Amino acid sequence: MLVTRVTDLIGRTPLFELATTGTGTRLLLKLEQFNPTGTAKIRMARAMVDDAERRGLLHAGGHIIESTSGNTGLGLAVVAAERGYRFTAVVDHHACKDKLRAMRAMGAELVFVADDGDDNLATSAREDLAESMAAGLPDAYFTEQHNNDANAVGYYPVAEELLAELDRVDILLSAVGTGGSLFGTATRLRQLGCTPRVIGVEPVGSIAFGGPGGPYWQSGTGTPPGATIGTAVDYSLLDEGVKVSDVAAFATARAVAAELGLMIGGSAGGSVHAALTRLEEFPPGSTVVTIVCDGGEKYLDTVFDDDWMSERDLLDTAAEHEVADMLNRYSPAAQLARAR
């Protein structure tokens, strides 16, 4: 395939069969790290800019501003570079350093809302600053990913790609940050005649599914206390919301890497943990799909760094062994051998 723009490489990401039960239930991972920038969010970044251009909110030489923990900013940096826009990312030090470096490499301007050494998640402060910056500049547009209808629309092709490969999706289980990837995919699946059970996953400490709020380390997902739940979180489509701790999420990401050589991000680890621990509960023969929003390579200095994990009391080798046992128990190869 010969292309002339980086965004022409978006989509057509592979499905990976991670686990299979003796009753024929399968857990499939939609590996979005095979998109440019290594993340699903470039899909919605392009959709938000397309929408802004159609509505006359972005003009030639304009200025895109967004609050981001990294992955949305990476996508917007690509689109801005292709189309000649200036892009400013409002960030905090909770974001992985490699994401910040990559945005800079692609020409983005970074504006921090916290001082060096303050690595707390500052979603609300970021969004307030991004909004005020855009309001003060005549050529600027705040894409406002958490409240932008084009966010979810950007993930419609995920549903189309799934149904091009699968007869059906019985359970769609994925992390919820802005909500765009899970609910955009679910919306389009329904439009195409497929109505899966929709299970959202958020970190313990996130408030989208109720319960007490608190700090968490899973990046780019959940709704921290003080932040507004985005309009892309469509509760009418949600059948169940579950919470996964940082320890369990990160143990899963680390075990998947160690056992299979597949690097997935920390929030994807949360989704995979939620799926693996209840795989036997789903009806026999179910097709379970998890959208893996990014790969683990961006988290080598956090989730996959023993010192960083230990300093935050997140390292749990027993939890990693438990996940490894589940991976081995549900290994597709192992199930095939048992069937013989």
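User: Which residues of H8 are buried?
Analyst: In this predicted model, the buried residues of H8 are Asp246, Ala248, Ala249, Phe250, Ala251, Thr252, Ala253, Arg254, Ala255, Val256 and Ala257.

User: How many is that out of the whole helix?
Analyst: 11 of the 15 residues in H8 are buried, so the helix is mostly covered.

User: What do the buried residues pack against?
Analyst: They pack against two strands, E8 (197-203) and E9 (240-244). They also pack against the helices H9 (266-276), H10 (306-311) and H11 (317-329).

User: What span should H8 have, and how far apart are its ends?
Analyst: H8 covers residues 246-260, and at 1.5 Å a residue its 15 residues should span 21 Å. The end C-alpha atoms are 21 Å apart, which agrees.

User: What follows H8?
Analyst: Glycine 261 follows H8, and its phi is positive, near 75°.

User: Switching to residues other than glycine. What is phi of arginine 12?
Analyst: Phi of arginine 12 is positive, near 55°. Arginine 12 sits in the segment before strand E1 (15-20).

User: Is arginine 12 buried or exposed?
Analyst: Exposed, because its relative accessible area of 52% is over the 50% cut-off.

User: And glutamate 144, where is that?
Analyst: Glutamate 144 is in the loop between strand E6 (140-142) and helix H5 (149-153). Its phi is also positive, near 45°.

User: What does glutamate 144 count as in terms of accessibility?
Analyst: Partly exposed, at 31% relative accessibility.

Methods
Residues are numbered from 1 along each chain as its sequence is written. This is a predicted model: local features need pLDDT of at least 70, side-chain atom pairs count only at pLDDT 80 or more; totals for chains, interfaces and linings use all residues. Side-chain values use heavy atoms; hydrogens and water are left out. Helices (H or I, at least four residues) and strands (E, at least two) are DSSP runs, numbered from the N terminus. The expected span of a helix is 1.5 Å times one less than its number of residues. Buried means under 20% relative accessible area, exposed over 50%, partly exposed in between (1.4 Å probe, protein chains only). Contact means heavy atoms within 4.5 Å.
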